[in-house]
Amino acid sequence: MGKIYEDVWSKCLSIIKDNVSPQSYKTWFEPIKAVNLKGDTLTIQVPSPFFYEWLEEHYITLLKKTIKKELGPRGTLDYSIIMENSKAHKKPTQMTIPASNRMAARNPSISVPIEIGARGIKNPFIIPGLKKVVVDSQLNHNLSFDNYVEGECNRLARSAGFAVANKPGGTSFNPLFIYGGVGLGKTHLSQAIGLEIKTNHPDKTVLYVSSEKFTQQFIESVRNNTHNDFIHFYQMIDVLIIDDVQFFAGKEKTQDVFFHIFNHLHQSGKQLVLTADKPPIEMQGVEQRLLSRFKWGLNADLQSPDLETRIAILQKKMYTEGIELPKEVVEYLAYSINTNVRELEGALISLIAQSSLNKKSITLDLAKQMIDKFVKNTAREVSIEYIQKVVCDYFNLPIELLKSKTRKREVVQARQIAMFFSKQMTKASLASIGAHTGGKDHATVLHACKTVNNLIDTDKRFRGYIDDLQKKITLQ
Ligand code: ADP
Ligand code: MG
């Protein structure tokens, strides 16, 4: 017999399970632990403030109904949230708050006024000659939410970005850390957030800057003895978007100054949006104290778009460019180019260029010729989907089985091999490979890679499989 609160919660879970998708159940409900039952109030423990907000935002009605069903009409829910405290060196603490009392959960933001004559600050982003300090946000109007196609691959990142844009600094997605491989839309999404904030909150000072530009400015400021101006400038920004923070790796002084700017902004309730090619846990050459801050808010990934999303992206692009293409051409493009959005757009542009240069109309044949060249000319990164398909064909397994939970030996082996090749041949993170394989976690993927490496060394027949598969995958 478990404890009473555990029993109550497990009954709740069985109701919830019938009412949400398996993926959502796994993501949002499996990690919850019941920790107490006092009178009619059940306390559940959630791993982070973000988690709590997400539940409140998306599942509060279901949770309320379920609790009342189990505990009667007076049944209520309390959350116990594991907080990672904003002060360094403190252990994570807990706070308990009742359900649907959203504001109470937020870290009280300490507002630190900037005690400097802001007008005196020198910075290339400040538009000179104006009475008020006006910062050029460095935003490109084409990279808006309107032009950003939503798909399964970007749903979480996009909706978190949208939430942040509505309430900069006022959600627990702070920092919002967006990560994903090249050409998957990190820059576009982070710019879209900036633009949306400018529209919703015209009084806020928004700045988009690449980590390289930030670094370069910092180095110059040290050289010119304007280090204080540099820091003061960044401390007066309301929404700071830094793109590609992986380039901070190995740059200790820059990391140090960014650390202080980050703390100042975060403590003042200002919004930070960061992008990188990997999640914080996989970043190297970046100080631990920064990485831990990157994890404070929400880490959301961008994955390769599926076929449907690729078609939607092409259609959007054609619409904004005012061009029309036969349906079969669009589908062919989307089908053949499954690596990233940048390549997809590149192919579309070359196709249009080809047709207008040669005064040929765009037919499926022309598209085929062009794609052949295009695909050959770019060093293609294989996709996880493709690897899974080749592995499944090879072992004669349906792909659904590979993504299922089954522990059957031959399935486990194929799954591990697919994970191994995905790690080896794509830039996807362990977590993302796991997510593509029916929602396994990064530790499972890591374990798979180790197992496969061991077997390659010890099992001759297994080695043969790997060699065969390697050839099949690279000969795509
Ligand atoms: P990253 O910064 O991740 O390398 P970008 O943001 O530069 O990628 O995106 C590459 C190209 O693909 C850009 O032209 C961008 O507008 C486009 N793009 C990426 N994702 C989407 C999307 N979901 N909808 C529309 N266009 C997209
Ligand atoms: Mg980019």
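What follows is a conversation about a predicted model and the terms used to describe it.

Colleague: Before we start, what are the ground rules?

Modeller: This is a predicted model, where local features need pLDDT of at least 70, side-chain atom pairs count only at pLDDT 80 or more, and totals for chains, interfaces and linings use all residues. Residues are numbered from 1 along each chain as its sequence is written, chains are lettered from A and ligands numbered from 1 in the order in which they are written, and side-chain values use heavy atoms, with hydrogens and water left out.

Colleague: How many helices and strands does the protein have?

Modeller: There are 21 helices and nine strands. Helices (H or I, at least four residues) and strands (E, at least two) are DSSP runs, numbered from the N terminus.

Colleague: What makes β5 and β8 a pair?

Modeller: Two strands pair if DSSP finds at least two bridges between them. Four bridges join β5 (residues 176-179) to β8 (residues 271-276), so these parallel strands count as paired. One of the bridges links Leu176 to Val273 in β8.

Colleague: And why are β6 and β9 called edge strands?

Modeller: The open sheet has five strands, in the order β6-β7-β8-β5-β9, with parallel pairing. β6 (206-210) and β9 (298-301) each pair on one side only. Neighbouring strands in this sheet are turned by 15° against each other on average, direction ignored.

Colleague: Which helix lies across β7 and β8?

Modeller: That is α10 (residues 252-267), which runs at about 140° to β8. Axes are lines fitted to C-alpha atoms, for helices over the stretch in contact, and angles run from 0 to 180 degrees between N-to-C directions.

Colleague: What describes the packing of α9 against α10?

Modeller: Two packed helices are described by the angle between their axes and the distance between the axes. For α9 (residues 227-235) and α10, the axes come within 9 Å and cross at roughly 35°. His227, Phe230, Ile231, Tyr234 and Gln235 in α9 meet Val257, His260, Ile261, His264 and Leu265 in α10, where contact means heavy atoms within 4.5 Å.

Colleague: How do you know which class each of those residues belongs to?

Modeller: Ala, Val, Leu, Ile, Met, Phe, Trp, Tyr, Cys and Pro count as nonpolar, Asp, Glu, Lys and Arg as charged, and the others, Gly among them, as polar. By that rule the α9 contact with α10 has six nonpolar, four polar and no charged residues.

Colleague: Why is Lys186 called buried?

Modeller: Buried means under 20% relative accessible area, exposed over 50%, and partly exposed in between (1.4 Å probe, protein chains only). Lys186 has 8%, so it is buried. Lys186 lies in α7 (residues 186-200) and touches, among others more than four places away in sequence, Tyr179, Asp244 and Thr275.

Colleague: Is Asp244 buried or exposed?

Modeller: Asp244 comes to 19%, under the 20% limit, so this residue is buried. Asp244 lies in the loop between β7 and α10, and its phi is near 60°, a positive value in a residue other than glycine.

Colleague: What makes Asn225 exposed?

Modeller: Its relative accessible area is 71%, which is over 50%, so Asn225 counts as exposed. Asn225 is found in the loop between α8 (211-223) and α9, also with phi near 60°.

Colleague: What percentage of the protein counts as buried?

Modeller: Of the 476 residues, 48% count as buried.
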